[in-house]
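This report describes a protein chain for a reader who is new to structural description. Please consult the sequence and the structure shown below while reading.

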Amino acid sequence: MPDPRPRHLALGVTLFRPGPDQVERVLTQAAVVGATVIAFDNGGLPAADAARLARAGVRLLSAGRNVGIAAALNRIAASARDAGAETLLLLDQDAEPPENLVAGLLAALGQLRRAGIPAAVVGPAPAPAAGHKAPAYPRRPGVPDCGALAPVQFLATSGSLIDLAAFDRVGPFRDDFFIDGVELEWCFRAWSLGDGCYCARDVGIPHRVGGGVIRAFGIAMPRQPLFRMATYLRNAVYAWRLPHVPLRWKLAQAAYLPLQAGLYWADSGFRPAVLLRLLGAARDGVLGRLGPPQDLPKDLP
């Protein structure tokens, strides 16, 4: 029977052009979490702040440029493995984890192990943050709850606790997705291989996605820069080609994506350039043209 006890933990934080308060948050986490702390500089970390993190014992990784969230997470996972960690708690620079996050998620993973339920990742329930839409995690059909743990189709990476042995089985995040839909594809892949994804309903964390919320016709979606919305649309369309993505999800997305694209276009003031960019993104998804978005702003290193 697998050992259900909490295993050696690493904390992984992705950084992108962080402000002083965000660096302070990472330093605080490094001081209180009692685990190996790994940060990946995805661009814009001042040298003075990098030095402060290093002095605090943070393992600082960097490719010297913006490689996207998936590649950064893969580098963090490899570093955690090298450090001897068996579980990895992922956060981003904006996350404000509650005091019970680490203990709650380790307890959740232990509960699943004691029940003999294989799990790749457990995560907290999303809590709303002012001015932002909290993500929704659809339930995984046909899979029972385990106490307060609900089987879900996917979880946001930030705030999630990954079993690194399961990560080895499932494989790395898709770096050709670059940024959006990374966690969805990985979690669907985990389920297809027999490793579940569970939401701990008694642990919560606020999520901030985008720069506000677009609302219309009962739909709410994050307001994102155009390159982000286009990358999300491209990756979602490409995911229709993947056999491990459930048919039910593909059908739901086929109905929902045009609505999202239409609302985004309306929010832009029906600008023709926006519509052309979104149509081009959908075409790229159909053709499998992935990788970093071509219109990634030049000031994003």
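**Basis of the description**

This is a predicted model, in which local features need pLDDT of at least 70 and side-chain atom pairs count only at pLDDT 80 or more, whereas totals for chains, interfaces and linings use all residues. Residues are numbered from 1 along each chain as its sequence is written, and side-chain values use heavy atoms, leaving out hydrogens and water.

**The chain as a whole**

The protein chain contains nine helices and ten strands; helices (H or I, at least four residues) and strands (E, at least two) are DSSP runs, numbered from the N terminus. Its radius of gyration is 19 Å, close to the 19 Å that the globule rule gives for 301 residues, so the chain is as compact as a globular protein of that length. This radius is taken over C-alpha atoms, and the rule is 2.2 Å times the number of residues to the power 0.38. Along the principal axes, the C-alpha atoms fill a box of roughly 55 × 50 × 35 Å. Of the 301 residues, 51% count as buried, where buried means under 20% relative accessible area, exposed over 50%, and partly exposed in between (1.4 Å probe, protein chains only).

Two packed helices are described by the angle between their axes and the distance between the axes. Here the axes are lines fitted to C-alpha atoms, for helices over the stretch in contact, and angles run from 0 to 180 degrees between N-to-C directions.

| Helix pair | Axes come within | Crossing angle |
|---|---|---|
| Helix 7 (residues 226-238) and helix 9 (residues 272-287) | 7 Å | roughly 30° |
| Helix 8 (residues 247-267) and helix 9 | 9 Å | roughly 155° |

Angles under 35 degrees count as roughly parallel, over 145 as roughly antiparallel, 65 to 115 as roughly perpendicular and the rest as oblique. With axes crossing at roughly 30°, helix 7 is therefore roughly parallel to helix 9. Helix 8 and helix 9, in turn, are roughly antiparallel to each other.

Contact means heavy atoms within 4.5 Å. Helix 7 meets helix 9 through residues including Leu-226, Met-229 and Leu-233, which face a set in helix 9 that includes Val-274, Leu-278 and Ala-281. The residues of this contact of helix 7 with helix 9 divide into eleven nonpolar, one polar and three charged. In these counts Ala, Val, Leu, Ile, Met, Phe, Trp, Tyr, Cys and Pro are nonpolar, Asp, Glu, Lys and Arg are charged, and the others, Gly among them, are polar.

Between helix 8 and helix 9, the contact is made by Ala-261, Tyr-264 and Trp-265 of helix 8 and Pro-272, Val-274, Leu-275 and Leu-278 of helix 9. The residues of the contact of helix 8 with helix 9 are seven nonpolar, no polar and no charged.

**Individual residues**

Asp-284 is found in helix 9 and is buried, with a relative accessible area of 16%. Leaving aside neighbours within four places in sequence, Asp-284 is in contact with Arg-234 and Arg-289. Asp-284 and Arg-234 are 50 residues apart in sequence and 6.1 Å apart in space, C-alpha to C-alpha.

Most residues other than glycine have a negative phi. Phe-178, in the loop between helix 5 (164-170) and helix 6, has a positive phi near 70° and counts as buried at 3% relative accessibility. Phe-217, in the loop between strand 9 (213-216) and strand 10 (219-222), has a positive phi near 55° and is exposed, with a relative accessible area of 80%.
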